[in-house]
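Subject: The structure we talked about

Hello,

Here is the structure I promised to pass on to you.

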Amino acid sequence: MEKFNNQYRIPSARAQWHDYNGGTYFVTICTKNREHYFGEINTEPQMQLSPIGQYAYEQFMNVKTHYPYAEIPLFVVMPDHIHAIVMIDGENDIGVHCRDVARNVSTGGNTQMANISPHKNSLAVVIRGIKSSITKFSNQNNIPFVWQTRFHDRIVRNQDEFDRISDYIEKNVVNWQNDKLDRE
């Protein structure tokens with residue numbers, strides 16, 4: 001992979017054969033060092049959201065307000081990460097977005113940078129926007145908070161996979177204690 005401006009570049013983990021401007025994705029975003037910023041799971045087991053966890057929950061619930069081409073039919077906020085199924089409508093082109101203008105200005109017309117920057121109506125724009133909003137909320141409210149860089153996604157290829165991922169998300173809180181033991 002070529003370096004940009006002679007600096008080290010980490011290759012993208014994204015599928016090179018897919019443009020991420022449409023499709024269904026299983027997304028995981030984590031806090032830095034897996035810190036429990038979003039709350040804790042009690043003995044019920046139920047997730048008890050912290051103020052930043054509640055704000056994160058609201059951002060995922062209201063994603064369509066900011067990204068009309070995106071839908072999140074299922075998600076779970078965990079103490080140190082969020083899992084979500086994100087659906088991007090690749091057919092919905094609603095015009096130029098502020099993000100597109102900012103990308104063109106920030107890349108200074110550099111074709112290489114423009115090609116690797118998130119494109120309108122893409123998964124990366126949605127996740128970046130949500131992460132940015134949560135970070136801004138934490139800063140405005142003096143709440144210590146840091147994201148792990150990037151996010152993990154998996155392209156959901158069929159209904160069976162969608163069903164397995166949905167089941168995993170729905171049982172994530174209940175399985176937290178078992179998963180915690182596996183991590184130790």
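**A methionine in a loop**

Leaving out neighbours within four places in sequence, M78 is in contact (heavy atoms within 4.5 Å) with F38, I41, M47, N172, V173 and W176. M78 sits in the loop between β4 and β5; helices (H or I, at least four residues) and strands (E, at least two) are DSSP runs, numbered from the N terminus. With a relative accessible area of 0%, M78 is buried; the word buried stands for under 20% relative accessible area, exposed for over 50% and partly exposed for what lies in between, with a 1.4 Å probe and protein chains only. Between M78 and F38 there are 40 residues of separation in sequence, but 6.6 Å in space from C-alpha to C-alpha.

Before the rest, a word on how to read the values. This is a predicted model, in which local features need pLDDT of at least 70 and side-chain atom pairs count only at pLDDT 80 or more, while totals for chains, interfaces and linings use all residues. Residues are numbered from 1 along each chain as its sequence is written, and side-chain values use heavy atoms, with hydrogens and water left out.

**The chain as a whole**

The protein chain has 7 helices and 6 strands, in the order β-β-β-α-α-β-β-α-α-α-β-α-α from the N terminus. Of its 184 residues, 41% are buried. Among the contacts with a separation of 6 or more, 69% are between residues 24 or more positions apart. The accessible surface is about 11200 Å², and carbon and sulfur atoms hold 48% of that; the areas come from the Shrake-Rupley method with a 1.4 Å probe, and for residues only the protein chains shown count as cover.

The average pLDDT (the predictor's confidence in each residue, from 0 to 100) is 80 for the protein chain, and 70% of the residues score at least 70. Confidence is highest in α1, at 98, and lowest in helix α3 (residues 98-107), at a mean of 38. The pLDDT is below 50 over residues 92-110, a stretch with 28 contacts in the model beyond near neighbours in sequence. Where pLDDT is low, the predicted coordinates should not be read in detail.

**Strands β4 and β5**

Strand β4 has 8 residues and 6 of them are buried, so the rest of the structure largely encloses this strand. β4 and strand β5 (residues 81-88) run antiparallel and are joined by 6 bridges; two strands pair if DSSP finds at least two bridges between them. V76 stands opposite H83 in β5, and a hairpin of 3 residues connects β4 to β5.

**Aromatic rings**

Rings of Phe, Tyr and Trp (its six-membered ring) pair if their centres lie within 6.5 Å; planes under 30 degrees apart count as stacked, over 60 as edge-to-face and the rest as tilted. That rule gives 9 aromatic pairs. Y57 and F75 are a tilted pair, because their ring centres are 5.3 Å apart and their planes are at 50°. This pair links distant parts of the chain, as Y57 belongs to helix α1 (residues 51-61) and F75 to strand β4 (residues 70-77), 18 residues apart. Y57 is partly exposed at 34% relative accessible area, whereas F75 is buried at 14%.

Y67 and Y69 make an edge-to-face pair, with 6.2 Å from centre to centre and 75° between the planes. Both are buried: Y67 has a relative accessible area of 15% and Y69 one of 2%. Y37, F38, F145 and W147 form one aromatic cluster, and F38 is also one of the contacts of M78.

**Backbone points to check**

Most residues other than glycine have a negative phi, and most peptide bonds are trans. Here are some exceptions:

- The E44 to P45 peptide bond is cis, with omega near -10°; P45 is in the loop between β2 (39-41) and β3 (47-49).
- R34, in the loop between β1 (23-30) and β2, has a positive phi near 55° and is partly exposed at 35% relative accessibility.
- R150, in the loop between α5 and β6 (152-155), has a positive phi near 65° and is partly exposed at 41%.

Best wishes
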